[in-house]
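Please read the following report alongside the sequence and the structure.

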Amino acid sequence: MQTRFVRTLTFLGVIAMSLVACDTPDTSSPPAAPAAVQSAAQPAPQPSVSLAGRVVVAHRGASGYLPEHTLPAKAMAYAMGADYVEQDVVMTKDDQLIVIHDTTLDRTTDVAEKFPGRARADGQHYAVDFTLEEILTLNVTEGFSVENGQKTLNYADRFPLGKSIFKVHTLAQEIELIQGLNHSTGKDIGIYPEIKSPAFHLSEGKDLGAAVLAVLKQYGYTGKTDKAFVQTFEFDELKRLHDEVMPALGVDLKLVQLLDGGDENLWMQTEDGVRQIAQYADGLGPEKSMIIDSESTPDNLRISQLVNYAHANGLQVHPYTFRADSDQVPAYATSFEHMLELFYVNAQVDGVFTDFTDRAVEFLRSH
Ligand code: G3P
Ligand code: CA
C-alpha cells in the first residue's frame, strides 16, 4: 500500500515539475501594506531558523496544475504532501454544500452556455439559484475571463481550457476523499474549509456556517486537536461561529480570521485589532502584502508587525496566496522559493496558502 502511494507521489511529482512555469519578477503592483501597519527594514535571511512544524495549505488543491477545487486537484495536492487541503464552500438552492470559490458559477464552469436566461440582473449565475442536480451537469475548467466572446485563461500557463472532464463536488465528497486517502496512506492530512460570503448566504435565507460545521461534526471534526481549521473573512461570522454555532453543535474547532485589504477591515491589522480577534480565533489568514510590504526591495524588506502581534496573542499566521506563475512573484524576491524563505524564515509565518504545494513542501523539506 505504502509503495503504491510512493509511486503515485513520484508520478504526480514528475507531472507537476514538468508543468511548472519559470518564475519571473512581479510586475503587477499588488496592494501595499496599509499605513496602520508598522513596518521596518529587516536583516538578511536567517537560514538557520528551524522550520519544524510549519505547514503548507493547498490553496483550492493543486490549483497551479489542475482546475481549482476539483477532486483531481485535491488528490494531486494530497499526493504532493500538503499538510492541509483547502475547501471554499458555497450553498446551492436545495441547501447542498459545494466546493467552489465564487458564489457565482461563471468563472469556472460552462453555466452560461448550459443555462441561458438564468443569470441575475448583474449577468452572473449564482450557485444559490441552482439545484445540486443542475450544477452537476456543468463542466468545470481552470478560471477564465471572457473578452469579445472568447474565453481566456486567467493564468496563461495553467491547465488548458476544454481538455479532459472535471465536475463540481460536495463538501462531504471531498472530506470522504481526504479521509479515504488518510486511511489508505496512513497519513493525517487536514481540511481547511472557508465559509464563503456568509452574510450573502444569510440574506438568501441560508445559514452556511452552521451547515458547514454540521458536516464537519458528522465526519468527526469536533475539537481543536482535530486536523481542521475553519476560516472566514467576515468578523461577525467568526464571532457567531464562536459564540453561537459551535456551542449549539457541541463542537469547538480552530477558527481562522481571514484579512483582506478593505478599508473597513484595516483595524484587523492593528495590535488592538489582533488582540480582539484572538478572543474568537486560533489563527490569522492575511493577504501576504500585509506581512511583507509589496513595495519592499531586495535591499529594504519591509516586514510588518502583524506576525508579532498574532504570535503574542497565541494566533498562528497562514498568509495567502503564494503563486509561482509569471508575474506572481513580488519584485523583492528573486524566485518563488526565495519568496517562501522571506515569509517562513524572515517573517516567521506558520504556514502558507499556495497553488504550488509541491514546491512549498520541497522548500520546507530542504531547509
Ligand atoms: O482562504 C485563504 C485564501 O484562500 C483566501 O483567498 O479568495 O482564494 O479564498 P481566496
Ligand atoms: Ca479560500
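## A buried tyrosine

Y221 is buried, because 22 other C-beta atoms lie within 10 Å (buried means 20 or more other C-beta atoms within 10 Å of the residue's own, with C-beta atoms placed from the backbone). This is a predicted model, in which local features need pLDDT of at least 70 and side-chain atom pairs count only at pLDDT 80 or more, while totals for chains, interfaces and linings use all residues. Residues are numbered from 1 along each chain as its sequence is written, and chains are lettered from A and ligands numbered from 1 in the order in which they are written.

Y221 sits in the loop that joins α7 (208–218) to β8 (229–232), where helices (H or I, at least four residues) and strands (E, at least two) are DSSP runs numbered from the N terminus. Leaving aside residues up to four places away in sequence, Y221 touches L216, D226, A228 and L253, contact being C-beta atoms, placed from the backbone, within 7 Å. V251 is 30 residues from Y221 along the chain, and their C-alpha atoms are 8.1 Å apart.

## The α7 and α8 pair

The axes of α7 and α8 (residues 235–249) are 10 Å apart and meet at an angle of about 45°, with axes fitted as lines to C-alpha atoms over the stretch in contact and angles running from 0 to 180 degrees between N-to-C directions. The contact involves G209, A210, L213, A214 and K217 of α7, together with E237, R240, L241, V245, M246 and L249 of α8.

## Around ligand 1

The residues surrounding ligand 1 include H59, D88, H101 and E194, near meaning a C-beta atom, placed from the backbone, within 6 Å.

Key: A residue is buried if 20 or more other C-beta atoms lie within 10 Å of its own, exposed if 12 or fewer, and partly exposed in between; C-beta atoms are placed from the backbone. Two residues are in contact if their C-beta atoms, placed from the backbone, lie within 7 Å.
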